[in-house]
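Dear colleague,

I am passing on a structure for you to look through, and below it I have set out what was found. Please read the notes with the coordinates open beside them.

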Amino acid sequence: MSNNLIEVRNLVKHFEVSKSVFSRNKKIVKAVDGISFDIKAGETLGLVGQSGCGKTTTARSLCLLDPKTSGSVNFYNPDTQNMESIDNIDEDGMRIFRRNMQMIFQDPYESLNPRWTIKDIIKEPLDIHNIGSFNEREEAVMEILRTVGLTPPENYLNRYPHEISGGQRQRVSIARTLVMKPKFVICDEPTSMLDVSIRISIMDLMLNLAKELDVSYLYITHDLAVARYMCNRIAVMFNGKIVEIAETEELLQNPIHPYTKRLISSIPIPDPKYVRERYEINFDELDKIVKDNPNEQMVDVGNNHFVATHETKEYLIES
Amino acid sequence: MENQNVDRDVKAAIKKNWRLFKQSKIGITGLVIVIFFGFLAILQPLLFLTNIWDEATYHPVVGYDAEKISRTVVECPDQYPTKEYPTREDCPRVDEVNIRYLKAFGIEAEVGDSYESNVQPAPPSSRHLLGTDSLGRDIFSQIMEGSQVAFLLGLISAIIGVGISTLLGTAAAFYGGKLDTYLMRQSDLVLMLPTLPFLFIISAFAELKVWHLAIVLGTLGGLGGTVITIKSQALQVKVKPFVDSARITGGSKRRIMFSHILPNVAPLALLYMVFSVTGAIASESVLSFLGLLNIDMSWGIMIYLSQTEGFIFTGLKYWWLIIPAGLAVTLLAGGFYLVGRGLDDVFNPRLRRR
Amino acid sequence: MPDLLLEVKNLSMHYDTLDGNVDAVKDISFSVKSGESFGLVGESGCGKTSVAMTLLQLQPDNSVITEGSIKLDGKELIGLSENDLRKVRWDSISIVFQGAMNAWNPVIKIGEQIREAMREHYPENSKQENIEKIDELFKMVGLDGSISERFPHELSGGMKQRAVIALALSCDPKIIIADEPTTALDVVIQDQILNEIKKVQDLLGLSLIYISHDIAVIAEMTDKIAVMYAGSIVEMGPTKDIFENPVHSYTRALLDSTPSIRGEKRKLKSLDGEPPSLINKIDGCSFAPRCPDRETKCNPTEHMRLVEIAPDHFVDICSQGKQ
């Protein structure tokens, strides 16, 4: 039996965009174009790439916010102890899936209902899934507030989101996400809008909770330095495809795909003495190659390190 | 303990919004006007209840009180100007009565006699603060009665209208598709409909009472342009991450619509409610001015009466018949509009001064 | 010794708001030599953008400068008339701010918009001269000359931001203020823009004031930095000195909380608490409530002011311990 929590195979999400009001021709935007990955229990997988590469679309398809175009997503159902496809599960299965899959959003100012109190916001998942009695729910809210470091919880229960700071809001988001003890949480750049000095405390909190509550994350970010701090493995996405996936340190030390190399060489280093060398690539060419090879397979180059196969073919695209 | 907290927070929220509202001078002006008329509306029944006013004298519809005044009987000349009366308008003076007038009613009198007569309409006095109308009824009491009608009509139609448009607008945004298309076309249709002619037609078929008018105006307003505005606001809320978050957790459509989207559309709805009161008050005066409303007393009726009896053409000679009622319509309708502008500053922070 | 191009002395500024005065800038002094790049680093709300706006005298209407002087090339900027200021802006000092790439007029070609700014400042130039100069500027920031005939919506975010830099250079300023110019951009494009700014600066010998919350970017871009916290500068000195030997606890905290992809993966340290509200007057050290060293090393009751602890390395006196 594998200990995978989530298995994604050839996930595709296309959007139809009409070119103009009068034309019937629809243009298809291939936001996510056949990506596959697994997430093991207790692991954090980073999904890294520039904006518009399909990271967020992947996340939204995974948690069924937007229906996927094709591909399969299997999840581990703790009740039956089997991998089950989310496409043909019954209502019970769906409830279990919903309970075990949560998402933390980027913008702490928009992700909490401004008209609700903190208590109601955190309690909502328990209300929806009818978990526990009234008193048990209240107790669970207090408990999770303590867990995310908002102490004493009584000070926060009846406040509104606009009365607390950005960092505290993100803690409330995390509390809401974890109150049902899910096994898998998607994090869409949860710290990118926070201040530097607060960011680390949120990241540390998430790392600690992952250990304590045995949660796996899919951590979406554009910042490799953050991904390095948070993730066990990193998948690099480019134009709707995963071009390279490996253990974090392996990927940073031995990048193979030119896009990964370019990405790594773009990250500023907080050390004035270090002179960074830029690895230049021709993006138009790379674009074309990725588009011309729609049925790209990943090849294993050892060390659990996978690269899109066009990289192993002759055309290397350094310029 | 917990309730105290909630109380404290609600109080704090009200305090904060009130502080913002206070910043807007026009909002405060509007609020003062609205409160003034609200006070008038409540005061009248209180005056009757406490017998400070007796209904026989001061009732706005069936009350009667005429001042007696003795006037000198004169004979108006045929030719003007004369030494005494420069123009035809000047005879008789306020303290005089034309003998021909008396004769027409078969009353015997001689020039130079004093003749005791009722003053209807009577100018303002300490007994009747705004005078009486041509039927000897107290104008001030009528203004008070008119405020009750205006508030009743304005608020009921606004609540009905905003209730309808909030529900439909949110539903259109949330379900989209055919329902959305239908509702939008319907609101286009209602927007194109000329409201006043439509109301004339309705009043031709049925006797319109105040609350009928409130329902009609409310429904028309509710199906009209407000639906589009509310829908666009609801669309903005619908894509907020907290709605996504509720969907991921498995929240039902009903929960998302009523617990997440509606409360966030509500402030805008309240704003439109306040604005639509203005329109309702104005429509009422137009309809009663045209005599199309089956109603005993309102500001529109007051102007209607002074018009049908010809006082409206006498310039400012009988000003108390026209100006108080006209001013009341203008002020209260304007007052609600100004309150709306003030609330706009509170609810739309982007308009707010830093 | 290179002359001082920009000299800011004891600058204090507050915003007049409904809730009271927000002390955004408190008694700030720094100077920039010609050809130098100066970094201003701090978290959001620490007053770094207020400083930038005050340097250009573009602060909002509700701001009040209570004290201080800003001398550019020996000329005092505070109190200049709007007409004189217009000459100074762009002519000698220009700014590239965060959202600048979205500030292009969508219906006018990029080149025309730059020419408009140039006409204002160099009325004697012929159209051909201006066109040639724009071509040259575009080349300098890595854009094709044909871009000037395009409309803003035809360009990507990175290209628009490059064009903004070209615009900022169009009137030959002596100093450029870059206020988080890459925050809304992707890492790869950020990298390209940073590269462009650096190249242009070297090529034209400009001074640069680079404002950012990202200490890694600051490390790469600047020779000298000032760390701001709650409206005050808490530490200032040569970039290398400060990264090697941070003295103030806040500077250390910033460095300790920045993840890097180089070197050993290390445990990052976080700071407790939140930055203080600038509405309330703060006695003594504004960082004291969050300071990990307040019990041991610092003297948080001291009135905040900078002292020189090494050549050119200034630090807030509160961190210098009880004396």
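A word on confidence comes before anything else: pLDDT is the predictor's confidence in each residue, on a scale from 0 to 100. Chain C has a mean pLDDT of 86, and 98% of its residues reach 70 or more, while the model scores ipTM 0.84 and pTM 0.81. This is a predicted model, in which local features need pLDDT of at least 70 and side-chain atom pairs count only at pLDDT 80 or more, whereas totals for chains, interfaces and linings use all residues. Residues are numbered from 1 along each chain as its sequence is written, and chains are lettered from A and ligands numbered from 1 in the order in which they are written.

Chain A has eleven helices and twelve strands, both being DSSP runs numbered from the N terminus (helices H or I with at least four residues, strands E with at least two). Its radius of gyration is 21 Å, which agrees with the value near 20 Å that a compact globule of 319 residues would have; the radius is taken over C-alpha atoms, and the globule rule is 2.2 Å times the number of residues to the power 0.38. The C-alpha trace of chain A spans about 65 × 55 × 50 Å along its principal axes.

As for the interfaces, 33 residues of chain A are in contact with 31 residues of chain C, where contact means that C-beta atoms, placed from the backbone, lie within 7 Å. On the side of chain A that touches chain C, helix 7 (196–213), helix 8 (224–230) and helix 10 (258–266) each supply at least two residues, and helix 7 of chain A gives the most, with six residues.

The contact between chains B and A takes 18 residues from chain B and 20 residues from chain A. Here helix 1 (2–23), helix 10 (241–249) and helix 11 (253–289) of chain B each supply at least two residues of the side that touches chain A, with helix 10 of chain B giving the most, at eight residues.

Within chain A, A:Tyr219 is in contact, leaving aside its neighbours within four places in sequence, with A:Thr44, A:Leu45, A:Gly46, A:Leu47, A:Cys187, A:Ala227, A:Met230 and A:Cys231.

Finally, chain B is divided into domain 1 (2–46 + 137–351) and domain 2 (67–119), with bounds that come from an automatic or database domain assignment. The centres of these two domains of chain B, taken over C-alpha atoms, are separated by 51 Å.

With best regards

Conventions. Contact = placed C-beta atoms within 7 Å.
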